[in-house]
Amino acid sequence: MKNSMLNHPAPPEQKAVPSHPRPKHRLTSEIWKHRKEYLAISPFFIVFAIFGLFPIAFSMFLSFQKWDGIGEMTFNGLNNYQFMLTDPEFWKAVGNTLLIWVYSTIPMLFFALIIAFLLNAAFVRFRTFFRIGYFLPNVTSLVAVAIVFGTLFSNNYGLLNYVLSLFGIPSVEWLNKTWGIQLAVSVMVIWRWVGYNAIIYLAGLQSIPSVLYEAAKIDGASGIQAFFKITIPNLRPIILFTVITSTIGGMQVFTEPQVLVGNDGGVSGGGLTIVLYLYREAFVHNYFGYGAAVGWGMFVLIALFSILNWRMVQGKPSND
Amino acid sequence: MNIRRTVCLGLLMLIMVISGCAGTTPTEKTKTLTLWYWNRSLDDDLIKAAEQQFPGIRIDAQKIGGDFKSKLKTTLAAGSGGPDIVAFNDWVAELFTSSDRFYDLYDLGAQQIEQDFLEWKWRLGVTPGGEMIALPIDTGPTALFYRADLFEEAGLPSDPDEVHEQLATWDQYFEAGQKLQEHFDNKVKMLDNINNIYNQVNAQSDRIYFNPDDTFIGDTADSSMKTAWDLAVKAAEMKLSANASTQSSEWNAAMNNGRIASFVGAVWMKEILMQAAPDTSGKWRVARGPGGDGNNGGSFLAIMKTSKYPQEAFDVIRWIQNPENQIQSFDKMNLFPSATKALDAPVMSKPEAFFGNQATGEIFSASAMNVKPAYFGGKHGNLNGIVSRELSSVALEGKNPDKAWNDALARVKKELLR
């Protein structure tokens, strides 16, 4: 067998491939040959070029300009970036965003995992109903949600303070405190995204082969052991996905604080997130060049955190 | 077959020609003016009446919702496709740097009606270079709104004239507040929030942040910036504030529940108060404000350079803003007049049930006559935002006032260099 293979002449395919006399025009002629197919997929690329690529390139250009949105643009060098890096409010916004991200993402993913685990359990009835129920917050209008949460957390006449008063606890001016604003925003993010992540985890749970659990049971593993030794390792890629998407989402929190406490992010700017800061500087204070620079600052930040997440959740490189 | 096809084609062409004609003939005669404004900034019936007044002119009035200023600025940035006539709010000075995008109303005959208007209001629409880009709509003279019943119970004067006399300065007002809060065991607060104190003190001033040549004067002695700051901080230290921010549901509830005894505000707060606090109807009064008369808010109309019919547009806005129509707008929409003649119209003496049959129009008219002409400058709003944020920190998180002032000033200086 081995010998016959060795004795074989050169594979026939090599000869079958014709050499191209004019390699320069190969690409264009290939495109021309498949012009109908290219035409068919072109709408996406045209729309992407107009609404995706162009704004990205333009914002890069804009970040080096000084522009109030109406008058002439003037070249501003690195001044926008310099202002950003030396503006205490920018760093406060970065800090707030990270805090809100930590407050919201960790409990959110934890609750999502528990909900997914429960939904996957054999004893649960009306599963579809619960799945829809948990997913519903995700498709609710964000502004409406923010207004409702605003009344829940309202300083003096909110529902939360009413509940506290039933237990004789003095009312808290939630939206007049930095931590209160951040808590309210985080709760809103959790409420909105916990169901979405639970559905994703549920899909991951259902893809774990049941033989693994059966084998563990036979070997005498407890339910908790099975959860940590089988469920969690198998869910790792799913967890990575949810962590990265919630990082990207968490870095871009905007509507919740804007509707809840306004363009300034409320008291001492407790709800001033990076995007809210960008919005205020560009659209309220009319520094559009600066807004673009903040956008690129945010891009760097998200990229850094995504890499960091990847490293953390991925753990050691393929040892197991 | 061929004949039928030709006939069909001919008929089709005829229809197209006729419908085409029908579509174009009126536009050759009627001139369409597009108007951008926001809800309640103009009387809709008056706009309709203007079409009757000027035959051959159609007004396409569009209420622009959401963030009006951002939308206007985006349109200006695009350079085309804007309206003929556009409303401005009190941020008119932010558009002075783009004055070349609007018609100078002096070129269209604004001089002829200048003497009809309040001088300080008129000047707000004129750039430092002397171009007039915006015609006044309404004004926002300020006064003290107070609960006469609570004042009386606490042993304070309750008659508007007496209140004006005895609470003439901010310090007297604060002292009265202390007395009132002691009487009510702090269950009722004298005022809504200290940011409003800061804004209202500045609203009474003619020198706030900038000189007409746009140099910063906030750190000089004759600017009201530091005075306003110190008074706001004083109110916080005397614990006179209910910490309810203006135009929040919190504010509405506090007003309706009688937790706030007074506030200084512009005439348009009347409408907001009446909607927020229906349960307190009849208990409120209005007196001339502590510290003097001032103006807060008020809007304008401008004509964009892209308009094809600037003269027609000017004639229309001139008519809409004539004294008779301003009186009508005040009567119907509570848009406080900017025309001097309208200020002593009989409608000003109309008693209002919400204010215990007081004619508040007389108080606001007197206030409007006394406003000092001020220059705001394009960065007024940005600076106000910076100071306002620091004041909130003082009021609500107990930030050291001196540190807050230094932080505010440092941030302002940084802002001015941008």
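Of the 418 residues of chain B, 55% count as buried, where buried means under 20% relative accessible area, exposed means over 50%, and partly exposed lies in between, with a 1.4 Å probe and protein chains only. This is a predicted model, in which local features need pLDDT of at least 70 and side-chain atom pairs count only at pLDDT 80 or more, while totals for chains, interfaces and linings use all residues. Residues are numbered from 1 along each chain as its sequence is written, chains are lettered from A and ligands numbered from 1 in the order in which they are written, and side-chain values use heavy atoms, with hydrogens and water left out.

I will stay with chain B for a moment. Chain B has 16 helices and 8 strands; these are DSSP runs numbered from the N terminus, with helices being H or I of at least four residues and strands being E of at least two. Along the principal axes, the C-alpha atoms of chain B fill a box of roughly 100 × 50 × 45 Å. If we take contacts in chain B between residues at least 6 apart in sequence, 74% of them join residues at least 24 apart. Contact here means heavy atoms within 4.5 Å.

One residue to look at is B:Thr34, in strand E1 (residues 31–37) of chain B. B:Thr34 has a relative accessible area of 16%, so it is buried. Leaving out residues up to four places away in sequence, B:Thr34 touches B:Asp60, B:Gln62, B:Pro83, B:Asp84 and B:Ile85.

Next, salt bridges. Over all chains, the structure holds 31 of them, each being a side-chain nitrogen of Lys or Arg within 4 Å of a carboxyl oxygen of Asp or Glu. One joins the side chains of B:Lys69 and B:Glu94, at 3.1 Å from N to O. B:Lys69 lies in helix H3 of chain B and B:Glu94 in the loop between strand E3 (85–88) and helix H4 (119–124) of chain B, so this pair ties together parts 25 residues apart in sequence. Both ends are buried: B:Lys69 has a relative accessible area of 14%, and B:Glu94 is at 15%.

Further along, which residue forms a salt bridge with B:Lys399? The partner is B:Asp407, with the closest N and O atoms 2.9 Å apart. B:Lys399 is partly exposed at 23% relative accessibility, and B:Asp407 is partly exposed at 26%. B:Asp407 also meets the side chain of B:Lys403 in a salt bridge, 3.0 Å from N to O. B:Lys403 and B:Asp407 are 4 residues apart in helix H16 of chain B, so about one helical turn separates them. B:Lys403 is partly exposed, with a relative accessible area of 46%.

Now to the interface of the two chains. Here 29 residues of chain B are in contact with 28 residues of chain A. The size of an interface is often given as the accessible area lost when the parts come together. Chain B and chain A bury about 2,500 Å² between them, 41% of it on carbon and sulfur atoms; buried area is the accessible area (1.4 Å probe) that two parts lose on being put together, summed over both. B:Glu250, B:Arg389 and B:Arg418 supply 29% of the area that chain B buries against chain A, more than any other three residues.

How many salt bridges are there between chain B and chain A? The count is 6. One of them pairs the side chains of B:Arg389 and A:Glu89, at 3.2 Å from N to O. On the side of chain B that touches chain A, helices H3 (68–78), H10 (249–256), H15 (380–397) and H16 (401–416) of chain B each give two or more residues. The largest share, 7 residues, comes from H15(B). By class, that side of chain B has 6 nonpolar, 9 polar and 14 charged residues. Ala, Val, Leu, Ile, Met, Phe, Trp, Tyr, Cys and Pro count as nonpolar, Asp, Glu, Lys and Arg as charged, and the others, Gly among them, as polar.

Last, one residue of chain A. A:Gly150 is found in helix H8 (residues 142–152) of chain A and is buried, with a relative accessible area of 18%. Residues up to four places away in sequence aside, A:Gly150 touches A:Leu175 and A:Leu260. A:Gly150 and A:Tyr201 are 51 residues apart in sequence and 30 Å apart in space, C-alpha to C-alpha.
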